[in-house]
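Welcome! Please take a look at the sequence and the model below before reading on.

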Amino acid sequence: MELEEKFQELKMKREGAHMPHVYYGDPNEDFSLKLIETLTANGADIIEFGIPFSDPTADGPTFQAVCERALENGVTPPKCIQGIRKVREKGIENPIVVTTYYNIPYVMGIGAFLNEIKEAGAQAIIVPNVPVEEADVLLAEGKKSGIHTIFQIAPTTTEDRLKKIADIASGFLYIINVEGVTGARESLADSTLKLVQRVRRHTNMPLLAGFGISNRQQASAVVATGADGVIAGSAYAKVYEKNLEKPEETLPEIARLAAQIKQGCIEGYRRRQGN
Amino acid sequence: MKKGKFGKYGGQFVNEILMPILIELEAAFEKHYPTSEFQEKLGGLLRDYAGRPTPLYYARNFSKLVGCQVYLKREDLVCGGSHKLNNALGQALLTKEMGKSRLITETAAGQHGLATVMAGNVCGLETEVFMGVKDMKRQASNVKRMKLLGAKVTPVDIGMGVLKDAVSDTLRKWTACSQTTHYLMGSTVGPHPYPEIVATFQSVIGTEIKEQILKKEDRPPDKIVACGSGGSNALGAFRAFIDNEDVKLVFVEGGGESLEADNSAAAFQVGKPGILHGAVMQVLQDEHGQIKPSKTRAAGLNYPGRGPEISALCESGRVKAYYAFDKEVFEAVKVMCRTEGLIPALETAHAISYMIKHKEEFEKGELVVLNYSGRGDKDLDAIMRYFHGA
């Protein structure tokens, strides 16, 4: 399913989107597939499919550990791309957004990498260490292969840059809630609300907010201010990392958390509408 | 060429959070650095605090041993014991101009961390230094010095607990405090404008060499030799001579134990172009692009990447890259101790080792400047253990 279609569908249903972020292969490929299945069965609308990297500088301690484990267990980019195919083979049709650091596509060849993920069934890519200044190749190759390049916007982003980013972005914009790295946080600053409102003045593109979201209240609050959905990642890893021997046992808890965050997205959307 | 690019190397591959901060830093550097006010302040500190200009010493006994004329550029005499202070003072002054109150940085050998807290104190800035746990152990004396000077030293225990991990973690920490805090990068690595800023502040080394050698020998050197990983002392020495093709430039990286099986830090031998810590550079990595850890006994050379400018200069052939194995490096320490009565840092000993290893190739009248980047007090325990055990 294309991203546009998904956002259209959510609008009709009057819901905010939930995009969970999973790094593939932690602690093993089999579990990642089950995890994605569980998430989509419990309200996940879009899957952020992470390809682990050795030096994930935009990620906090939870995802650093996730990447380290996945790599130790022998996960490689080709295995991850194969994983996208497996998700599709299971009949999961939700849009898939691949996230990885730039060295992975750089080494394979940007065009070849994007073609491969497209062919496997992905719709978009997030490369956190490619700002708009360095995005020419990614954008051009993305266009050729039909992969959206998703850009991030941070509290430090100036009005100038905001405009530049809004002009070239496609798919949706990723709003970084807080200054820092990925990871579940207790509270979200007012800056999130301000940032969402600031970005809204420049674009009608869907906005998904991430970094620090781990529960229903936060999801609801962020969507109520005008975001079109939320991204949660470390919150799920924190659940299954408690039982790495038998991570499957944590799937019911993950299912509940996903359903709650999705519920927050729905509530938030309706609060925003004023009913 | 685009700003911050050295051929295919360099660039600004960072998270959006940091981009506005890098743009601000570049603007501040361009605005303040050329002013006579800034130059006076920096010149004054380099002279009166750091002890510049450093001498260019004719190493008579070492020259005899290697069969040519060798001058040592005595960066070991910069206050703190290495060239690192040249850059730290410059960036600390810049931090003041930007109105920020804190410095963060990472360090491996501890020399850059030490230089940063010195410069921070002089300029009235707080300093926090991130250091891999493994490096904290092997460079314990510098950890003590930094703490005594008032730095907060934060151990980094992710990954292998070495420099690569400390850089990653400092970048992460910086994203949460970049509005009040300057990341004082110590080498010619990282996203633009860092490689340019650091090379500019270090280029005082080469500018002095040029003047001093003309006075002593009435001609430029035939060759300049420097060790490195990111490339700060090498570029510092090279920059004034890059346009003069008659001056051969030699860069010596950490060979580690051997070039096989992840036992080396020699990225020019066993690495390839890739993106790490904000820039395209020559970097150790596996076939899929996962960064590999580097290995060498010299903590200050233990980084998997070569900075963008030195990467481009080696690719074009302007600079020739060599490496020295740990074993050869310890022997080189001994040779320098016995010939000139100087204990070099293990990093510097890589350049010395190159001279010893290639002594058959030098002609008698050949004029070589070896950038003697640091003293070896910090390595005393490691050196003693190597030669005498325990």
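## How to read it

This is a predicted model, where local features need pLDDT of at least 70, side-chain atom pairs count only at pLDDT 80 or more, and totals for chains, interfaces and linings use all residues. Residues are numbered from 1 along each chain as its sequence is written, while chains are lettered from A and ligands numbered from 1 in the order in which they are written.

## The barrel in chain A

Chain A holds a closed barrel of 8 strands in the order 1-2-3-4-5-6-7-8, with parallel pairing. Strands here are DSSP E runs of at least two residues, and helices are H or I runs of at least four, numbered from the N terminus; two strands pair if DSSP finds at least two bridges between them. From one strand to the next, the twist averages 25 degrees (angles run from 0 to 180 degrees between N-to-C directions of axes fitted to C-alpha atoms, for helices over the stretch in contact).

For a detail, find strand 4 (residues 124-126) of chain A, which pairs with strand 5 of chain A in the parallel sense over 3 bridges. Ile125(A) stands opposite Thr149(A) there.

## Where the chains meet

In total, 31 residues of chain A are in contact with 24 residues of chain B (C-beta atoms, placed from the backbone, within 7 Å). On the chain A side, helix 5 of chain A gives the largest share, 4 residues.

## Chain B

Chain B has 16 helices and 15 strands. Its C-alpha trace spans about 55 × 50 × 45 Å along its principal axes.

How values were computed
Two residues are in contact if their C-beta atoms, placed from the backbone, lie within 7 Å.
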